[in-house]
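Open the model in your viewer and keep the selection tool at hand.

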Amino acid sequence: IASFMDEELYATVDSLFRNAKSPKNIYVSIYSQDVDHPDLQPIFDEFGITRFTYDKINYLLSRGVGFARVHTQKDLSLKYKYYLQIDSHTRFEKNWDSKIVSDYERLQSVWGTFIFSSYPPGYEYVNDEVVLIENGRIPPVVNIKRNSEFNKFEAKYTDYFGGIKGQRTGYFCAGLAFGYTKYFLQVPYDPNIYFQGEEQTMSVRFYENNIAIVCPPDLYLYHDYV
């Protein structure tokens with residue numbers, strides 16, 4: 001989790017562990033770029049989490065999203081089977097961890113070498129209460145839209161037709177990326193990407209490494225787009 005002056009960070013980490021089926025199996029790496037960093041120790045204590053990384057830096061020293069994402073991956077190794085990247089404004093479904101692992105393993109025979117990635121459906125606050133927008137349990141999916149001018153491409157929402165198998169999209173979405181750790185070690189973040197181009201460059205590099213990008217067949221978490 002790379003967090004930049006995000007008031008949702010505490011609630012994100014709390015939701016992550018509170019809704020996990022096996023919270024002690026999760027190693028979380030957090031990089032907070034802020035002035036006042038939230039105290040996350042009460043969450044770790046409540047769920048018995050003793051293995052984690054929580055690094056802090058003044059936001060004025062930040063060098064962009066690529067730099068921050070790379071920092072969160074600094075301790076990543078093959079001793080961790082799976083890798084999940086999220087944003088610091090996220091809420092989780094109950095038993096999200098077992099569900100996403102189960103779907104990912106089930107689809108190995110369908111997609112082979114692949115990762116899950118998609119823009120999660122949104123959540124928002126109404127009268128200080130979180131309201132989840134579940135989108136009718138239909139996974140939001142984006143596809144690459146070709147643009148002939150200078151061979152550019154961009155992502156556009158499209159219909160989901162993948163059923164229980166997911167849907168290949170080719171587009172990397174930074175708010176939800178999940179798969180075997182070895183694929184993310186093979187395609188690490190570029191620390192020199194400040195912000196614009198983050199997802200486009202990752203999309204191209206996963207493609208060039210023959211790692212398919214697939215929209216998952218179900219919902220596991222939600223994103224604050226406000």
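Start by selecting methionine 202, which is buried at a relative accessible area of 2%. The model is a predicted one, so treat each stop as part of a prediction.

Methionine 202 belongs to helix α7, residues 198-208. Which residues does methionine 202 contact, its neighbours within four places in sequence left aside? Show Phe172, Val187, Pro188 and Tyr189, and you have them. For a distance across the model, pick proline 42: it lies 160 residues from methionine 202 along the chain, and the two C-alpha atoms are 35 Å apart.

Now colour the rest of α7. Its buried residues are Glu198, Glu199, Met202, Ser203 and Phe206. Around the helix axis they cover an arc of only 125 degrees, which places them on the same side of α7. In an α-helix there are 3.6 residues a turn, so residues three or four places apart point the same way. Turn the view to the face of α7 directed away from the buried side, and you find the exposed residues Tyr207 and Glu208. After α7 comes asparagine 210, with a positive phi near 60 degrees.

Next, select helix α4, residues 96-106, where Trp96, Asp97, Ile100, Asp103 and Tyr104 are buried. These residues share one side of α4, because their arc around the axis is only 145 degrees.

Helix α1, residues 9-18, is the next selection. Seven of its 10 residues are buried, so α1 is largely enclosed by the rest of the structure. Display Leu9, Thr12, Val13, Asp14, Ser15, Leu16 and Phe17 to see the buried ones.

Step back to the loop between β1 (2-4) and α1, and pick methionine 5 there. Methionine 5 is not a glycine, yet its phi is positive, about 50 degrees. Most residues other than glycine have a negative phi. Is methionine 5 buried, partly exposed or exposed? Its relative accessibility is 39%, so methionine 5 counts as partly exposed.

Arginine 137 is another stop of this kind, in the loop between β8 (129-132) and β9 (141-147). Its phi is positive too, near 65 degrees. With a relative accessible area of 32%, arginine 137 is partly exposed.

Move to leucine 78, in the loop between α3 (65-72) and β4 (82-86). Leucine 78 counts as exposed, at 63% relative accessibility. Which residues does leucine 78 touch, those up to four places away in sequence not counted? They are Lys182 and Leu185. Leucine 78 and lysine 182 are 104 residues apart in sequence, but their C-alpha atoms are 6.5 Å apart in space.

Finally, zoom out to the whole chain, which has seven helices and 14 strands. Its radius of gyration is 17 Å, close to the 17 Å from the globule rule for 226 residues, so the chain is as compact as a globular protein of that length. The C-alpha trace spans about 50 × 40 × 35 Å along its principal axes. Of the 226 residues, 49% count as buried. Take the contacts between residues at least 6 apart in sequence: 74% of them join residues at least 24 apart. With the surface on, the chain exposes about 11,700 Å², of which carbon and sulfur atoms supply 50%.

How values were computed:
Residues are numbered from 1 along each chain as its sequence is written. This is a predicted model: local features need pLDDT of at least 70, side-chain atom pairs count only at pLDDT 80 or more; totals for chains, interfaces and linings use all residues. Side-chain values use heavy atoms; hydrogens and water are left out. Buried means under 20% relative accessible area, exposed over 50%, partly exposed in between (1.4 Å probe, protein chains only). Helices (H or I, at least four residues) and strands (E, at least two) are DSSP runs, numbered from the N terminus. The arc is that of the directions from the helix axis to the C-beta atoms. The radius of gyration is taken over C-alpha atoms; the globule rule is 2.2 Å times the number of residues to the power 0.38. Contact means heavy atoms within 4.5 Å. Accessible areas come from the Shrake-Rupley method with a 1.4 Å probe; for residues, only the protein chains shown count as cover.
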